[in-house]
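Let's take a walk through this structure, one region at a time. Have the sequence and the 3D view open as you read.

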Amino acid sequence: MGQGLGCTANYEQGLFIAAQFGDLETVEALLERDPILIHQTTVYDRHSALHIAAANGQIEIVSMLLDKSVKPDLLNRNKQTPLMLAAMHGRISCVKKLIEAGANILMFDSSHGRTCLHYAAYYGHSDCLQAILSAARTSHVAASWGYARFVNVRDGKGATPLHLAARQRKPECVHILLDNGALVCASTGGYGFSGSTPLHLAARGGSLDCIRALLAWGADRLQRDQSGRIPYLVALKHKHGACAALLNPSSAEPLVWPSPLKFISELNAEAKALLENALMEANRDREKNILKGTAYTLPSPSHSDVGTDDNISEISDTELCCICFDQVCTIEVQDCGHQMCAQCTLALCCHNKPNPTNASIIAPVCPFCRSSIAQLVVAKVKNANHNDPDHHDTTASSKLRRSRRSCNLSDGGGGGSSSFKSLSAMGSFGKMGRGSGRFTAENELVDKP
Ligand SMILES: [Zn+2]
Ligand SMILES: [Zn+2]
């Protein structure tokens, strides 16, 4: 008997090693010889073969074990499921397979009280994060728990997946989570207690991209954490100078999405991407201005405004935005069909920091005819017989500019012309805030914890 136990131990060991390295034949042979092995776990961590295969991305082994009706939600010593380990290690095919096999996405481990969504966000595996979110949208979780609640699920310390992604410098995950309704101002303190917001944690992590995304979604630069610090002071403390400059409450406010859940989330993907680019570009202009004269320079891949004009052939008046007379129309309002540029669309819909005390959000209307906006889509190019064959590709780039600033306002459509003036003023908001935000050396002295 003693000898038999020793053999079983060897087989176990062999099974775990084969699962780790994806040796399907060996795993099958071992399980055929001794089916009980399938229930064995490692001695200390109590990983099952499924845990090991999932963590190592061995999709064939994972599939085979699930086919042998191994339960997908086995728990190891820390109550982690194979799905959590797959999400932690970015094993997208295993994540999908486990979800397909009915793995529960709403399990909490015992070490930090985290879900698979927390793991994907923390380790920055945006593909796994997406897969889990789409599973949440269609699974029983949405029905029983609510999708928005799942996106904002808290770990044992009150951190949402957004907190973790911001802290770990994972801008892509930050973006996806915000896009899916993560609360930008969630505090780890929970109800009635102050805690850290995602912006505090991004300030600590020092990722400019995370800070940018959070600010564009309306993160509050003045919210205080449990120590009474605003994100700006956290960035200074951790010596993230450029981040601090953006977080400095005295620097210009960034543009933010309007009521993101109600309006922008209903946009079609193409128009949304275009508007997002325009917004981030406008904020980048604003950043350049904030960081001007400081020691921090941004690695800026964006175009220079000067010089691009020369490469662009004449644009007909019909394509030019009748609000700013500066950019090409790239966005079309439906159902009325009026067109304007992405920048003007943003100026129409966006406002600087939303006022939380003012709960009523007025849906924007078409600036030309004042009809309500059913949908925003990417505008089709009106002028088909254009000289430049590349023209169609470049119109949507929002980089086209034109110096001529004359256009008959009445061409824009009847009614509402009184609103043109104010809109035009807002129109080229790339210039907004220019000069109003100064990062001064005095602010460095504020941090005296
Ligand atoms: Zn415009
Ligand atoms: Zn209209």
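## Ground rules

Helices (H or I, at least four residues) and strands (E, at least two) are DSSP runs, numbered from the N terminus. With that in hand, R46 is found in the loop between α2 (24–33) and α3 (49–55). Its phi is near 55°, a positive value in a residue other than glycine.

This is a predicted model, where local features need pLDDT of at least 70, side-chain atom pairs count only at pLDDT 80 or more, and totals for chains, interfaces and linings use all residues. Residues are numbered from 1 along each chain as its sequence is written, while chains are lettered from A and ligands numbered from 1 in the order in which they are written.

Residues 78–110 are 48% helix and 0% strand, with end C-alpha atoms 5 Å apart. For residues 194–226 the figures are 52% helix and 0% strand, and the end C-alpha atoms lie 5 Å apart.

## Two parallel helix pairs

Two packed helices are described by the angle between their axes and the distance between the axes. Axes are lines fitted to C-alpha atoms, for helices over the stretch in contact, and angles run from 0 to 180 degrees between N-to-C directions. Angles under 35 degrees count as roughly parallel, over 145 as roughly antiparallel, 65 to 115 as roughly perpendicular and the rest as oblique. A crossing is left-handed if the near helix is turned anticlockwise from the far one by less than a right angle, and right-handed if clockwise.

Start with α6 (residues 92–100) and α8 (residues 126–138): their axes come within 9 Å and cross at roughly 15°, so the two helices are roughly parallel. The crossing is right-handed. I92, V95, K96 and I99 of α6 meet D127, C128, A131, I132 and A135 of α8, where contact means C-beta atoms, placed from the backbone, within 7 Å. By class, that contact has 7 nonpolar, no polar and 2 charged residues; Ala, Val, Leu, Ile, Met, Phe, Trp, Tyr, Cys and Pro count as nonpolar, Asp, Glu, Lys and Arg as charged, and the others, Gly among them, as polar.

Next come α12 (residues 171–179) and α14 (residues 208–216), whose axes come within 8 Å and cross at roughly 15°. They are therefore roughly parallel, and their crossing is right-handed. P171, V174, H175 and L178 of α12 touch D209, C210, A213 and L214 of α14, a set of 6 nonpolar, 1 polar and 1 charged.

## The sheet and its helix

A cis peptide bond joins Q334 and D335, with omega about 15°. D335 sits in the loop between β1 and β2.

Notes:
Contact = placed C-beta atoms within 7 Å.
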